[in-house]
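This report walks through the architecture of one chain and then through several of its residues in turn. Please keep the sequence and the model at hand while reading.

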Amino acid sequence: MLIKLSTSALKQTHWYEYAVRFVLGGLATVATGLIGSHFGIAIGGLFLALPAIFCASATLIESHERRAKEKAGLSGRRRGQQAAALDAAGAGLGSMGLAAFAATFYILVSTSIIGAFAAAILAWALVSVSSWWMRRKLRTTSGHAPAQHGARSARS
């Protein structure tokens with residue numbers, strides 16, 4: 001998959017979709033603040049990693065993909081769900097990188113703040129890229145296994 005910047009997506013988004021993102025992101029932020037106030041900063045800090053706009057972006061990705069397929073005269077429901085699921089998988093991989101960043105920074109911050117930031121950024125990059133690579137390799141490997149298994153059972 002080629003990663004690229006597309007400004008055409010800005011033109012395809014309706015004003016109310018931005019409002020949904022803003023409201024859901026705000027609600028997620030308020031919920032995180034309330035959790036922190038009630039349970040303390042240690043528990044509240046765990047929820048700071050919650051991507052405030054993920055819930056809104058997943059629904060918007062699904063609706064954009066569905067509409068694009070429907071314009072072509074096809075049912076886009078499945079395609080929209082797949083696109084949202086792919087976005088969720090990417091968010092999960094990013095969360096692993098964020099956890100590596102936090103752990104590295106926590107361990108090293110007492111020695112040097114700048115060194116802790118540098119090491120944490122490196123840990124984030126290594127874990128994120130490694131996670132993406134592993135997912136890609138496992139997906140490719142497991143993608144061929146069912147076809148081969150099915151072919152063997154058909155011959156038997």
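## Architecture of the chain

Read from the N terminus, the elements of the chain follow the order α-α-α-α-α-α, which amounts to six helices and zero strands. The model is a predicted one, and the values below are computed from it. Of the 156 residues in the chain, 17% count as buried. The accessible surface of the chain comes to about 11800 Å², and carbon and sulfur atoms account for 70% of that area. Among the contacts that join residues at least 6 apart in sequence, 49% link residues at least 24 apart.

Which residues of α2 are buried? They are E17, G25, A28, T32 and G36. Just after α2, G40 adopts a positive phi of about 100°. In α5 the buried residues are G80, A83, A84, L93, G97, A100 and T104. As background to such lists, an α-helix has 3.6 residues a turn, so residues three or four places apart point the same way.

L93, in helix α5, counts as buried because its relative accessibility is 13%, which falls under the 20% limit. Leaving out residues up to four places away in sequence, L93 touches S128, S131, W132 and R135. S131 is itself buried, with a relative accessible area of 12%, and, apart from neighbours within four places in sequence, S131 is in contact with L93 and M96.

T104 also belongs to helix α5, and with a relative accessible area of 18% T104 is buried. Within the chain, the side chain of T104 reaches the backbone oxygen of A100 at 2.8 Å, and A100 is likewise among the buried residues of α5. When neighbours within four places in sequence are set aside, T104 is in contact with A119, A120 and A123.

W124 is found in helix α6, which comprises residues 113-155. Is W124 buried or partly exposed? W124 is partly exposed, because its relative accessible area of 42% lies between the 20% and 50% limits. W124 also takes part in a nonpolar surface patch of about 600 Å², made together with V109, I113, I114, F117 and I121.

G45 lies in helix α3, made of residues 41-47, and at 34% relative accessibility G45 counts as partly exposed. G45 and G33 are twelve residues apart in sequence, and their C-alpha atoms are 9.3 Å apart in space.

K69 is found in helix α4, which runs over residues 54-71, and is partly exposed, with a relative accessible area of 31%. Not counting residues up to four places away in sequence, K69 touches L74, S75, G76 and R79. K69 and G80 are eleven residues apart in sequence and 8.7 Å apart in space, C-alpha to C-alpha, and G80 is one of the buried residues of α5.

## Accessibility of the residues discussed

The table gathers the relative accessible areas given above.

| Residue | Relative accessible area | Class |
|---|---|---|
| S131 | 12% | buried |
| L93 | 13% | buried |
| T104 | 18% | buried |
| K69 | 31% | partly exposed |
| G45 | 34% | partly exposed |
| W124 | 42% | partly exposed |

Methods: Residues numbered from 1 in each chain as written. Predicted model: local features only at pLDDT ≥ 70, side-chain atom pairs only at ≥ 80, totals over all residues. Heavy atoms only, no water. Patch = residues over 30% accessible without salt bridge, like charges linked within 9 Å, V, L, I, M, F, W, Y side chains within 5 Å. Areas by Shrake-Rupley, 256 points an atom, 1.4 Å probe, with all protein chains shown as cover. Salt bridge = Lys/Arg side-chain N within 4 Å of Asp/Glu carboxyl O. Helix = DSSP H or I, 4+ residues; strand = E, 2+ residues; numbered from the N terminus. Buried < 20%, exposed > 50% of the residue type's maximum accessible area, 1.4 Å probe, protein only. Contact = heavy atoms within 4.5 Å. Polar contact = N/O pair within 3.5 Å; in protein donor to acceptor, adjacent residues only side chain to side chain.
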